[in-house]
Amino acid sequence: MRRNIVAGNWKMNKLFSEADDLLFSLKEELDKKSSKNVDVIVCPPFLYIELATDIAEDSKILVGAQNVSKFDDGAFTGDVSASMLQSMEVEYCIVGHSERRKYYSETNEEIAIKVNKLLEFDISPIVCCGEILLEREQGLQFKVVEKQLTESLFHLSKEEFSNIILAYEPVWAIGTGKTASAAQAQEMHAFLRSLVKKKYGQNAAQNLSILYGGSCNAANAKELFANIDVDGGLIGGASLKAEDFIKIVNSF
Ligand code: PEP
């Protein structure tokens, strides 16, 4: 079913004690509110996953990872497999983030493999797509995201696809303070939903949660989330302070 979701991508931030503090603050704040119409996912670095699942146990926090190996197990130094994530009670995992595409040369084909691995272990992939600035300036944004979606997701069956969460993250808006306007976000989200409708039908499209990511913060979240096809946010910088993140969660 389509859900409102706010997911925090901590990236490579926070020392252990800071992660502990942030998780406890989030738990405290979220516990104060009667269950609202939004799911809150926190994606800390791998090292703090156990801390997060422990603290999240009696709270409204859901735990996700930021990456997964494309391999099953064995001699892949530094990698973390989907089965390992499952064994640590991780329920979500970001894949296809533009930083991984840029710094680790991740391709749509590799993202497709990672999606398969996650689904095999009942972990919902949060799949990122989005164009770089030059592509938007050249009017190529729709072509770019269509290719990303087709090559990384459209091999899935309808049933498999129902576990996907999509995140539209225009690369020019990530960590830049430059947010897509509410109209730009809505236009792209509606386009993404139309592609899903064409491939998997009306129900699949209606049930899909599509998050916006890219300098989303406490000041602009309400306007972005008010759009009919924007079902929440994938939040980077503003997920690192409990107060800011909670304000975003409360923007619904
Ligand atoms: C992200 O990296 O997923 C992101 C949206 O970052 P920021 O909110 O900092 O732009």
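**Entry 1: the ligand.** I began by listing what surrounds the ligand in this predicted model, and I found 15 residues, the closest being Lys11, His97, Glu169, Gly175 and Ser215. A polar side-chain atom of Lys11 lies 2.5 Å from an oxygen atom of the ligand, while in Gly175 it is a backbone N or O atom that lies 2.7 Å from a ligand oxygen. For Gly237 I noted a polar backbone atom at 2.8 Å from an oxygen atom of the ligand. I also looked up how much of the ligand is covered: taken alone it exposes 290 Å², and the protein buries 95% of that.

**Entry 2: strand β7.** Next I turned to β7, residues 209-213, and asked how many of its residues are buried. The count is five of five, so I wrote the strand down as mostly covered, using the cut-off that buried means under 20% relative accessible area. Looking at the directions of the side chains, I saw that Ser209, Leu211 and Gly213 point one way from β7, whereas Ile210 and Tyr212 point the other way, and all are buried.

I then looked up which strands pair with β7. Strand β6, residues 165-168, is joined to β7 by four bridges, and the two run parallel; in this pairing Leu166 stands opposite Ile210. Strand β8 is joined to β7 by two bridges, also in parallel, and here the bridge partner of Gly213 is Leu234.

**Entry 3: His189.** I picked His189 next, which is found in helix α9, residues 182-200. Is His189 buried or exposed? Its relative accessibility is 0%, and therefore it counts as buried. Leaving aside its neighbours within four places in sequence, I listed its contacts as Tyr168, Ile210, Leu211, Tyr212, Asp229 and Val230.

**Entry 4: helix α12.** In α12, residues 242-249, I noted that Ala242, Phe245, Ile246, Ile248 and Val249 are buried. Why are they on the same side of α12? They cover an arc of only 155° around the axis, which puts them on the same side of the helix. I reminded myself of the general rule here: an α-helix has 3.6 residues a turn, so residues three or four places apart point the same way. I then looked up what the buried residues of α12 pack against, and the list is β1 (5-9), α1 (16-32), β2 (39-43), α11 (221-225) and β8 (232-235). Strand β8 had already come up in my notes, as it is joined to β7 by two bridges.

**Entry 5: two positive phi angles.** Last, I looked up backbone angles in two loops. Glu89 has a positive phi of about 65° although it is not a glycine, and it is found in the loop between α3 (82-87) and β4 (92-95). With a relative accessible area of 55%, Glu89 is exposed, because the cut-off for exposed is over 50%.

Asp122 also has a positive phi, near 60°, and it too is a residue other than glycine. Where does Asp122 lie? It lies in the loop between α5 (108-120) and β5 (124-129), and with a relative accessible area of 65% I recorded Asp122 as exposed.

Notes:
Residues numbered from 1 in each chain as written. Predicted model: local features only at pLDDT ≥ 70, side-chain atom pairs only at ≥ 80, totals over all residues. Heavy atoms only, no water. Buried < 20%, exposed > 50% of the residue type's maximum accessible area, 1.4 Å probe, protein only. Contact = heavy atoms within 4.5 Å. Arc of directions from axis to C-beta. Pairing = 2+ DSSP bridges. Near = heavy atom within 4 Å. Polar contact = N/O pair within 3.5 Å; in protein donor to acceptor, adjacent residues only side chain to side chain. Areas by Shrake-Rupley, 256 points an atom, 1.4 Å probe, with all protein chains shown as cover.
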